[in-house]
Amino acid sequence: MDKGIGIAGIAGRMGRLLAEEVVAAQARLVGGIDRPGLSVEGATLFPDIAALAAASDVVLDFTHASTAVAHAKALAAAGTAWVLGTTGLSAADEAAVAETAKRVAVVYAPNFSTGVNLMLALAERMAAALPAEQYDAEIVEMHHRQKVDAPSGTAIGLGRAVARGRGVVLEDVKESGRDGHTGARRTGAIGFAALRGGQVVGEHTLLFAAGTEHIALTHRAFDRRAFAAGAVRAALWVRGRSPGLYAMMDVLGMGTGG
Ligand code: NAD
């Protein structure tokens with residue numbers, strides 16, 4: 001019954017750590033896929049996602065948003081569970097993920113660290129308690145210079161948590177990439193700023209700024225292993241689950257499911 005865990009993007013920064021964490025968790029590492037010419041010593045490479053999915057109970061996927069639709073189809077066809085950590089997915093990509101979750105169990109999280117998931121829960125509660133007319137919500141993130149998408153998936157996740165707490169839709173109130181004559185800040189807007197540089201693993205601050213006080217939550221990740229360990233925990237949790245779209249909060253027992 002136990003085929004083991006496969007890794008899409010196994011030669012990447014996350015992929016290599018995931019391979020180590022799978023072994024550390026005493027689970028079976030099936031192997032992985034990556035772009036042609038890349039390899040990881042000691043790991044079996046499969047020709048494509050369909051072959052990897054067929055050989056695995058669960059695929060851990062930390063690749064690039066451009067793979068999302070093809071991977072969604074391959075995992076649904078193989079009936080293999082999917083732990084998806086890739087960020088920068090478009091609405092159409094996310095629709096494909098949701099479609100796959102009707103067929104197989106999917107854990108999709110912009111951030112697999114325990115601390116960030118707690119921050120998401122707190123963000124929603126703070127937003128519900130602090131009136132949007134008085135408390136301006138701003139999200140500032142910083143990542144290493146190689147990161148290709150902005151704002152980060154975690155920053156968007158925080159924005160969604162604030163929007164949920166306020167009973168609004170993020171896309172209706174999002175203010176991102178301010179530059180030039182932007183006009184005054186809109187009441188109720190959720191603002192984003194992205195910094196890129198050096199080798200910062202991931203820093204996120206959610207600030208509520210009112211005329212009389214500021215309150216901020218900050219999370220700093222010092223080591224990508226925080227994400228890799230959480231993702232492997234999700235992979236062990238999701239094996240054998242009913243089809244559905246799960247969040248890391250569900251894995252940690254803090255979620256509402258669904
Ligand atoms: P990376 O560039 O080091 O690794 C990505 C790997 O995927 C590379 O080895 C690349 O060759 C491979 N890849 C790309 N396209 C592919 C394809 N079509 N088929 C097979 N392999 C392909 O990047 P990274 O830092 O490891 O991050 C990967 C993704 O994970 C990014 O989207 C990043 O934002 C996300 N991420 C998520 C979390 C989280 O907790 N959810 C944490 C860290 C990174």
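Which residues are closest to the ligand? In this predicted model, Arg13, Met14, Asp34, Arg35 and Thr87 hold that place, within a shell of 20 residues that surround the ligand. By class, the shell comprises 8 nonpolar, 8 polar and 4 charged residues.

The side chain of Thr87 places an N or O atom 2.6 Å from a ligand oxygen. For the side chain of Arg35, the corresponding distance to an oxygen atom of the ligand is 2.9 Å. Pro110 contributes through its backbone: an N or O atom there lies 3.0 Å from a nitrogen atom of the ligand. On its own, the ligand has 850 Å² of accessible area, and the protein covers 81% of it.

The protein chain is divided into two parts. Domain 1 spans 5-112 + 224-251, and domain 2 spans 114-221. Their C-alpha centres are 27 Å apart. The contact draws 12 residues from domain 1 and 14 residues from domain 2.

Between them, the domains bury about 1100 Å². Carbon and sulfur atoms account for 53% of this area. On the domain 1 side, Asn111, Arg224 and Met249 lose the most area to domain 2. Together these residues make up 40% of what that side buries.

The interface of domain 1 and domain 2 has 0 salt bridges by the rule applied. Polar contact is found there for 6 residue pairs. The side of domain 1 that touches domain 2 has 5 nonpolar, 4 polar and 3 charged residues.

Terms used
Residues numbered from 1 in each chain as written. Predicted model: local features only at pLDDT ≥ 70, side-chain atom pairs only at ≥ 80, totals over all residues. Heavy atoms only, no water. Domains from an automatic or database assignment. Contact = heavy atoms within 4.5 Å. Buried area = accessible area lost by both parts, 1.4 Å probe. Salt bridge = Lys/Arg side-chain N within 4 Å of Asp/Glu carboxyl O. Polar contact = N/O pair within 3.5 Å; in protein donor to acceptor, adjacent residues only side chain to side chain. Nonpolar A, V, L, I, M, F, W, Y, C, P; charged D, E, K, R; others polar. Near = heavy atom within 4 Å. Areas by Shrake-Rupley, 256 points an atom, 1.4 Å probe, with all protein chains shown as cover.
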